[in-house]
Amino acid sequence: MSIFECHALTKNYGSVTALDNMDLELEGGRIVGLLGPNGSGKTTLIKIASRLLQPTSGELLIDGMKPGVATKAEVAYLPDRQFLPEWMTTKQLLQMYKDFFTDFDMDKAAEMMASLQIPDRQNIKKLSKGTRDKVQLILTMSRRAKVYLLDEPIAGVDPAARDYILKTILGNYAEGSLVLISTHLITDVEPVLDEAVFLRQGHVILHESVDALRQRTGKSVNDYFKEAFAC
Amino acid sequence: MLGKLLKYDFKAVGRIMLPMYAAMMVLGIVIGVTARIETGGKTLLSIWMLLFFLLVMAAVILTVYLLVERYYRSLLGNEGYLNCALPVTTLEHIASKVIAALVWMIFGCLAVAVSGLLMGLISTDWQDLVEAAQFIGQRLLHLADNAEALLLFVKLFVIAVLSLTMMVMMVYAAIAVGHLWSEHHILGTIIAFVAFQIVMTIVVMVFDKTGVAIHFAKMTGVVCYTVFWLAVYGTLTWYILDRHLNLE
Amino acid sequence: MAWQFDSVTPIYLQIIMAIRSGVLKGTYPPGSKLPTVRELALQAGVNPNTVQRALTEMERDGLLHAERTTGRYVTTDQAVLENTRHKVSAAAIAAMCDKLRGLGLDDGQIIGQVEQWMKENQENEEKEIDIE
C-alpha cells in the first residue's frame with residue numbers, strides 16, 4: 001500500500017477543471033517533486049491531500065485513509081502563504097503545535113529557532129516576512145510526519161535562504177516519510193529529489209526517478225521540463 | 001481537542017477584552033469612591049459616569065466585532081491554513097467558536113454587573129447596605145419557596161442562552177454562506193443574513209396562518225423554535241465548512 | 001553547498017566521482033570512516049537515497065566496505081585504490097582528449113603538449129620558489 005494514492009481524482013471549480021481524472025502513487029521514504037506550470041493543479045492536489053478542499057470525484061488516500069482527522073495528524077502541510085496567527089508569540093506557537101500534534105518535536109523546533117536567533121517571546125507580527133517563512137518551515141519540519149506537503153517552499157526567497165530551506169528539509173524529514181515538494185523552481189530543487197512528477201492541466205504526464213530521467217534523456221529535469229512544457 | 005481549541009479561542013479574545021473588563025471594574029470603583037466623597041457639584045461624577053457608559057458601549061461593540069473577526073480570520077482567512085489542517089473535526093471547530101462567543105458575552109454582562117455592584121457597594125453607606133442586603137435576602141428566600149417562580153427564572157435563563165446561541169450560529173452561518181461567493185464574500189454574508197431573516201419571518205407567518213402558532217406562545221414552543229433554527233444554522237455552517245471550504 | 005553538480009549527469013554518478021576524488025585527495029583517507037548517508041546528503045545538498053545508491057555501488061567496487069553496526073569505511077586495499085586512481089584519471093583524461101581532439105590535435109600532438117606543459121609548469125614552480 002502506497003502512502004499516497006490518487007485514483008481518478010477530479011476537481012472542478014465551476015467550469016474550470018483543476019484536476020482531471022488523475023492517477024498517482026507515491027511511496028514513503030522518497031522526496032518527490034511536484035512540477036508543473038501555474039494552474040496545472042499542484043496546489044489543488046496538495047489542498048485535497050490536506051483536506052482543505054474536497055474532490056469533485058475520484059479519491060485520494062493517505063496511508064490508506066481518506067483525508068480526515070486521522071490523516072491530518074500524520075500530514076505536515078506547509079502552504080505557500082503566511083498562516084501564522086499574528087497575535088501569538090513564537091513560544092505560544094510552539095506550545096500550540098505541541099498541543100495539537102503528537103508527532104511534534106518541540107525541542108528540535110526551539111533549537112532551530114534559537115540557532116536563527118529568533119526571540120521566543122516575540123510577537124509574530126513583529127517578525128519580518130523572511131523570518132516568518134522560516135518559522136513556518138521550522139514548525140512544519142519539526143513534525144515527525146508520514147507525509148510532508150510543501151507548497152512552493154522556496155519561491156520568493158533569496159538564494160541564501162533557499163539553501164537554508166532545502167538543508168532544513170533534507171536534514172529534518174522523518175525516516176521513511178514522503179516529502180512532496182511542489183515548485184516551479186526546478187534547478188534548485190532537482191538535486192534533492194528522488195522522483196519528479198510532471199503535472200499538466202490536471203493530470204500526470206510524467207512520473208520518473210530523477211536519475212533515470214537524466215540517464216534516459218541526457219538532460220536535467222529542468223531542461224526536460226522546459227521542452228515538455230514549451231509554449 | 002475541543003478543550004485545546006477553546007484555550008486558544010479564549011486567549012485570542014481575552015488579551016483584548018480582559019484588560020477592558022479590568023478597566024471597567026476599576027472605573028466602577030472610582031465612581032463609587034467619587035460618589036461617596038463628593039457631596040456638592042456632581043460634575044466629576046458625571047464625567048466618570050459618561051466614561052463608564054462609553055467603555056461599556058466600546059466593550060459591547062468590541063465583543064461583537066472580535067467574535068465575528070475571530071471566527072472569520074481563524075477559519076476562513078490565512079490562519080485557516082493552520083487551523084483547518086489541525087487534526088480536529090469541523091464540529092469541534094464550530095463548537096469551540098460558539099461556546100467561546102457565548103462565554104465572552106456572558107462574561108461581558110457579568111463584568112458590567114460587577115462594575116455596577118462595585119459602584120453601588122462603595123458609594124452606599126454601611127447601614128443602607130445592610131438594609132438593602134436584608135431586603136434582597138428576604139425576597140430571595142421568598143422566591144426560593146416559590147417553586148413556580150424559580151422554574152420561570154430557569155426557563156427564562158435557558159431561553160436567553162439558547163437565543164443568544166442561535167443568533168451567534170446565524171451570524172456564523174451567514175459568514176459561511178458568504179465564503180462560498182469567493183469574489184464578494186462580505187456582500188454574500190450580508191445577503192445571506194438578510195435572506196435568513198426573510199426565511200424566518202416567512203416560516204413564522206406560515207405557522208401563524210395554520211393556527212399552530214398558539215402552541216408556540218408557550219415557553220416550550222419558544223424553546224423548540226430556537227433549537228430548530230439553531231440546528232438549521234449549525235448544520236448549514238458545518239456543511240459549508242466541512243464540504244465546501246475553499247481558502248484563498 | 002560545497003559540492004558542485006552539473007545538471008545533466010545522474011547525480012549518483014557525480015557523487016561517486018566526488019567521493020572517489022575525496023579518497024584520493026585525502027578528504028576520506030584509506031581506512032577512515034565515511035560520514036553517514038544523511039550527513040553526506042546534507043553536506044552535498046542532495047537526496048539521501050541518491051547518496052545511498054552511490055555508496056552501494058562503491059561497496060560493490062570494493063572502494064567502500066560496510067561494517068554492520070559502525071558504518072562505512074574506505075578500503076585500505078592498495079589494488080582497489082590504484083584502480084580508483086586509474087578510473088578518476090581516465091575520466092579526467094577522457095574529458096581532456098575529447099576537447100583537444102575536437103580542436104584538431106592527434107594523439108601524438110596531445111602527448112607532446114602534455115609533456116611541454118609539464119616542463120613549463122615545472123620551470124614556473126622553480127622560479128616561484130626562487131623568488132620566495
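Visitor: What makes strand 7 (residues 178-183) of chain A largely enclosed by the rest of the structure?

Guide: Keep in mind that this is a predicted model. Six of the six residues of strand 7 of chain A are buried, so the strand is largely enclosed by the rest of the structure. To be called buried, a residue needs 20 or more other C-beta atoms within 10 Å of its own.

Visitor: Which way do the residues of strand 7 of chain A point?

Guide: A:Leu178, A:Leu180 and A:Ser182 point one way, A:Val179, A:Ile181 and A:Thr183 point the other way, and all are buried.

Visitor: How do you know that strand 3 (residues 31-35) of chain A pairs with strand 7 of chain A?

Guide: Count the bridges! Two strands pair if DSSP finds at least two bridges between them. Strand 3 and strand 7 of chain A are joined by five, and they run parallel. For example, A:Leu34 has A:Ser182 as its bridge partner in strand 7 of chain A.

Visitor: Which residues have the most contacts inside the largest nonpolar core?

Guide: They are A:Val32, A:Val147, A:Tyr148, A:Leu149, A:Val179 and A:Leu180, in a core of 122 residues. Helix 6 (residues 147-180) of chain B gives the largest share of this core, 11 residues. As a general background, nonpolar side chains tend to be buried together in soluble globular proteins.

Visitor: What is A:Val32 in contact with, leaving aside its neighbours within four places in sequence?

Guide: Its contacts include A:Leu178, A:Val179 and A:Leu180, along with A:Leu26, A:Leu193 and A:Asp194. A contact here takes C-beta atoms within 7 Å of each other.

Visitor: Why is A:Pro85 called buried?

Guide: Set the value against the cut-off. Buried takes 20 or more other C-beta atoms within 10 Å. A:Pro85 has 20 of them, so it is buried. You'll find A:Pro85 in the loop between strand 5 (75-78) and helix 3 (90-100) of chain A.

Visitor: What does A:Pro85 touch, not counting residues up to four places away in sequence?

Guide: A:Pro85 touches A:Ile124 and B:Glu79. A:Pro85 and A:Ile124 are 39 residues apart in sequence, while their C-alpha atoms are 7.2 Å apart in space.

Visitor: Why is chain A called as compact as a globular protein of its length?

Guide: The radius of gyration of chain A is 18 Å, close to the 17 Å that the globule rule gives for 231 residues, so chain A counts as compact in that sense. Its C-alpha atoms fill a box of roughly 50 × 35 × 35 Å along the principal axes. Buried residues make up 48% of its 231 residues. Chain A has nine helices and nine strands.

Visitor: Why is chain B called more spread out than a compact globule?

Guide: The globule rule gives 18 Å for 248 residues, and the radius of gyration of chain B is 22 Å, well over that, so chain B is more spread out than a compact globule. The C-alpha trace of chain B spans about 65 × 45 × 35 Å along its principal axes. Buried residues make up 25% of the 248 residues in chain B.

Visitor: How many residues do chain B and chain A put into their contact?

Guide: Chain B gives 18 residues and chain A gives 17. Helix 1 of chain B supplies the largest share of chain B's side, four residues. By class, that side of chain B has 11 nonpolar, three polar and four charged residues.

Visitor: And how many residues of chain C are in contact with chain A?

Guide: 15 residues of chain C are in contact with 21 residues of chain A. The side of chain C that touches chain A divides into nine nonpolar, six polar and no charged residues.

Terms used: Residues numbered from 1 in each chain as written. Chains lettered and ligands numbered in written order. Predicted model: local features only at pLDDT ≥ 70, side-chain atom pairs only at ≥ 80, totals over all residues. Contact = placed C-beta atoms within 7 Å. Nonpolar A, V, L, I, M, F, W, Y, C, P; charged D, E, K, R; others polar. Rg over C-alpha atoms; globule rule 2.2 N^0.38 Å. Buried ≥ 20, exposed ≤ 12 C-beta atoms within 10 Å, placed from the backbone. Helix = DSSP H or I, 4+ residues; strand = E, 2+ residues; numbered from the N terminus. Core = buried A, V, L, I, M, F, W, Y, C linked by C-beta atoms within 7 Å.
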